[in-house]
Every structure is written in C-alpha cells, then in structure tokens.
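Work through the exercises below with the sequence and the 3D view at hand. Try each task before you read its solution.

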Amino acid sequence: MTTPSRYWREIPQRYRLEANKCSKCGIKFFPPRLICPECKNRELEKTKIAETGKIITYTVIRVPPHQFVDQAPYAVGIVELDDGFKLTAQIVDCDFEDLKIGQKVRIEFRKIFDEGESGILCYGYKFVLDE
Amino acid sequence: MEGIIGYGAYIPRNRIKVEEIAKVWGADASSYKRGLMLEEKSVPSPDQDTITMSVEAAKNALRRAGIDPVDIGAVYVGSESHPYAVKPSGTVLAEALGATPEVHTADFEFACKAGTEGMFVALSLVKAGEIKYGLAVGADTSQGAPGDALEYSAAAGAAAFIFGQKNIIARTLDTYSYMTDTPDFWRREYQYYPQHGGRFTGDPAYFSHTKGAAKGIMKKAGMKPVDFDYVIFHQPNGKFPFRVGKMLGFNEKQIEPGWLVNRLGNTYSGSSPLGLTATLDISNPGDRILIVSYGSGAGSDAFIFEVTERIDEVRDMAPKTRDLLDKDKNYLEYGEYAKFRQKIRKAN
C-alpha cells in the first residue's frame, strides 16, 4: 500500500523527471539525492533527465504484483536515455513482437496504479515506442 | 490583443469499430454507421484517463508556445470524466508541467462544454491582465452505457490551449456564450453512465444552443458565415455539425478540416477543441475561425479567432491532430474494450 505521503514526496521525479547534479563533482542523480555519495557535498542543483532513449533490455511480466494484475501481461524495460541515464519503467501500448533492443522510445505520462476503488491514483512515467 | 499562443492535442491509439460493438448487441451496424455518420471511435488504454491525456496535450501546447511553465498563471481542466470525485485534475496537470505553486487551478464540468469553459476563463484572465499565460484543457474518457446508442460514439481525447498577449498564433476577435436550463443529458452522483433524452437532445438542445451562440457571436462581431474560412461545431455524431452548419449558412468546406468525429468519436469536452487544433494545423495567416461548443444541460460557448503569421513557425513543433488520428492505430475487440473501460464486473 502506497501512502499518500510517500507518493507525494516522489512527485517531482515521477511527474517531471526531476534529477539533480552535484555542484562540485558534476555527477547527476535520478532519483535525486540529498548528499553526493562521491564527495559528500550537500549542494545539489536541480536538473531534468531526457524524455527519449532506446531500449537496452526488456522482459514481459505475466505474474505481476497485486497492483498490476489487471495490466498483465505487460513489458518492463531498462532504457538508456539520450543523456545517459538508465531508467526502468513499463513499455506500454505496444505489441511485444515490436520490442527490440535498440528500439527508440519516449516517455509518456500514465497512471501507474490505483489503490483499489477508493484509494489514491498514482501517476508517473512509462515508455511508448517512438518512430 | 490576446489569443492562443500554443495548442496541442492527444488521442489514444486504441480504436473500436462500430461493427465490433453492434455485433455484441445484435444491432445493425450499417444503420448506426449511416445514422451517426461514424466508423470507429478512440478508446483510452487502461492506464490513461482525463489527467494523463491532459498532461500530454498540454505538453504539446507548451512545445508550440515555447514558454516557461512557471509563468502560467491559471490551469483549467474541463471534463465530465475527472478521475476523482473529490480532488482536482488540474493540480496533477499543473504539477506535471512545473507550473506550481503560483498558479490558479480549477476543474470545470459542463457535459461536453467544459473544455471551452476553461478556455473562456483563461482567456478572460489574460485579457484582464491578471495573469501572463493561462492554460485550458478539454479532455474526456467519456462513458456510454453498454448497448446504449452512446456506446458507439463515447470516445477519448484531449486538446490544450495556452493563452497570452505576445507571440500569438490566433488572436481572439470575439467571444459569446448562450445558456438555458435544458435537461437533455445528465449523470447523477454515483452513477457510472449518463442518461439522455433521446431525440430531445436534438432540436431544443444541440441545435437551439449551437445556433443561438453562432448567430449571437456573428451579430456581436458584425460578421456573416461567408466571412469565415473555417467553422468548428461540437461533434456528438457525424451528422449534427453538418446539419447545424447548413442551417446557419456554412458550407462543407468550412466544416470538414475540424470534423474528426467519423473516426474519432465524440470526445465530449475535447470534441470541438480537438476540431480547433486540427483546423489550426492546416490554417494560414489571416484565416478566420469560428468555434461553437455545445454542452448538454445546456449551453454553447463561441469564439472567433484570426490566425497570425506565427502559425507557420509553430505548426510542426508538436504532433498534428490528423496524424494522431490516422497513424499507429490499434483495433480492439469488444472484450478487450470492455476490460479497458472497466465494464466487466470482477470479484473484490
């Protein structure tokens, strides 16, 4: 069960793909961090990750966690974004035979899952195939 | 002078054909196709709703507007299918775009007219100088009861418009609204599907208000049908826009570019706004466009826009509406459609 507060804390990264960057050593983090693990710097600048990339690997989930039962079967992939970040997310609105390593994808805003009939709706990023 | 500085559309890729629905209910597909002038309709994926489509349409509008979302002072979402009964769609949209926290946000609901309501208010706030930019979205994942005539047309899509005073794509020449209390279509609290008054939705409802708003704005602006290059009417089915256009003295060439309903269905709050995006896609500087929405309950909002030279710079910065309608379609069988639209009763 996702609590509203946890979902709320992750809104900047889930809705807007907000990342951050160490002002000293320049390393970028997604999801954003509070402290740079390399130089322990606490001054991190806000940035964003790219919205397009290509599939590095993928799998098809047929036995999903309970929140995703209605969506199965669905594809999950690791995508290398154009700025080098590697992001794991569902790849939706596609035929599985069209999935290929190297296939270009882009991010779309989708509902990730809902908390049953009466809970909150959780939104975020997924990938769709790009021409 | 104020007007549209960015516009964007979103249409889901799933479609279902009239034949596929008619087959399940033992209905005559050809008479529905002829009666409604409709071939197929769009269907949202299970992870799409008014909020997700609003975000995608608004992002396309931002691409054309080329502004910093922080400068958007108002975010309005018009829909009759807001995902929450209580909690705004507009806050999710504003947050996803990066327009928060200094922004006024509201959800509108007025059957199929909610999109143009948001446009009217956003435009008015810009005109009053209260905000720099205002965003209005018309979006719906509309519901039709299984087997009802509405099931053949109730579709999904979104259109977004950003209004401002500089870098205008289409300046507003006039606005006008025409309302009465007419109970032609409604949905009570806790009901899944709307009810409608059958033929009562025609003459005293759609035609009366659409004509009232169109005649009213033309009189106010001192213009005639011949003064417009394009006109967009609300599209509950294929026939109504052409019929009301003919009654008012418009010809088919003025209507056709924004007439999407035969392969899109009725996207409710997105219907006439999506027609406007498709018309802007093919318009040229100097073109004059009349848009008249209609929402049951009942009323119409009308706008007259004049396209500027900036249209040529921004047209290709985001997907065109006809491309979203025609490319990369995925046809569903009725069973998949029923699952996608949560029409199947499951165990808790």
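**Exercise 1. In which strand of chain B is Ala170(B) found?**

Solution. Ala170(B) is found in strand β8 of chain B. Strands here are DSSP runs of E with at least two residues, helices are runs of H or I with at least four, and both are numbered from the N terminus.

Some ground rules come next. This is a predicted model, in which local features need pLDDT of at least 70, side-chain atom pairs count only at pLDDT 80 or more, and totals for chains, interfaces and linings use all residues. Residues are numbered from 1 along each chain as its sequence is written, chains are lettered from A and ligands numbered from 1 in the order in which they are written, and side-chain values use heavy atoms, with hydrogens and water left out.

**Exercise 2. Describe the surroundings of Ala170(B).**

Solution. Start with accessibility. Ala170(B) has 0% relative accessibility, so it counts as buried. Buried means under 20% relative accessible area, exposed over 50%, and partly exposed in between (1.4 Å probe, protein chains only).

Next, list the contacts, meaning heavy atoms within 4.5 Å. Leaving out residues up to four places away in sequence, Ala170(B) touches Gly3(B), Ile4(B), Leu280(B), Phe305(B), Glu306(B), Val307(B) and Thr308(B).

Last, check a C-alpha distance. Ala170(B) and Arg310(B) are 140 residues apart along the chain, yet their C-alpha atoms are separated by 8.4 Å.

**Exercise 3. Trace the open sheet of chain B and find its edges.**

Solution. Follow the order β5-β4-β6-β7-β1-β8-β13-β12-β11 (chain B): nine strands, with mixed pairing. Two strands pair if DSSP finds at least two bridges between them. The edge strands are β5 (104–108) and β11 (230–233) of chain B, each pairing on one side only.

β11(B) pairs with β12 (residues 288–292) of chain B in the parallel sense, over four bridges. Phe233(B) stands opposite Val292(B), and Tyr230(B) has Ile289(B) as its bridge partner.

β12(B) and β13(B) run antiparallel and are joined by five bridges. Here Ile291(B) is the bridge partner of Phe303(B). A hairpin of four residues connects β12(B) to β13(B).

How many of the five residues of β12(B) are buried? Four are, and the strand is mostly covered.

**Exercise 4. Find the salt bridges of Glu306(B) with Arg171(B) and Arg288(B).**

Solution. Opposite charges first: such side chains can pair when their charged atoms come close. A salt bridge is a side-chain nitrogen of Lys or Arg within 4 Å of a carboxyl oxygen of Asp or Glu.

The side chains of Glu306(B) and Arg171(B) meet at 2.9 Å, N to O. Glu306(B) lies in β13(B) and Arg171(B) in β8(B), so the pair ties together parts that are 135 residues apart in sequence.

Arg288(B) forms a salt bridge with Glu306(B) too, with the closest N and O atoms 3.0 Å apart. That pair links β12(B) with β13(B), 18 residues apart.

Compare accessibilities. Glu306(B) is buried at 14%. Arg171(B) is partly exposed at 27%, and Arg288(B) is partly exposed at 29%.

**Exercise 5. Why is helix α4 (residues 89–97) of chain B largely enclosed?**

Solution. Seven of its nine residues are buried, so the rest of the structure largely encloses α4(B). Among them are Val92(B), Leu93(B) and Leu97(B). Just after α4(B), Gly98(B) takes a positive phi of about 85°.

**Exercise 6. Describe the interface between chain A and chain B.**

Solution. Count first: 19 residues of chain A contact 24 residues of chain B. The buried area is about 1,900 Å², with carbon and sulfur atoms giving 44%. Buried area is the accessible area (1.4 Å probe) that two parts lose on being put together, summed over both.

In chain A, Arg16(A), Asp93(A) and Phe109(A) lose the most area to chain B, together 29% of what that side buries.

Then count the charged pairs. Five salt bridges run between chain A and chain B. Asp47(B) forms a salt bridge with Lys126(A), the closest N and O atoms being 2.8 Å apart. Both residues belong to a salt-bridge network that also links Asp93(A), Arg106(A), Glu108(A), Arg110(A) and Asp130(A).
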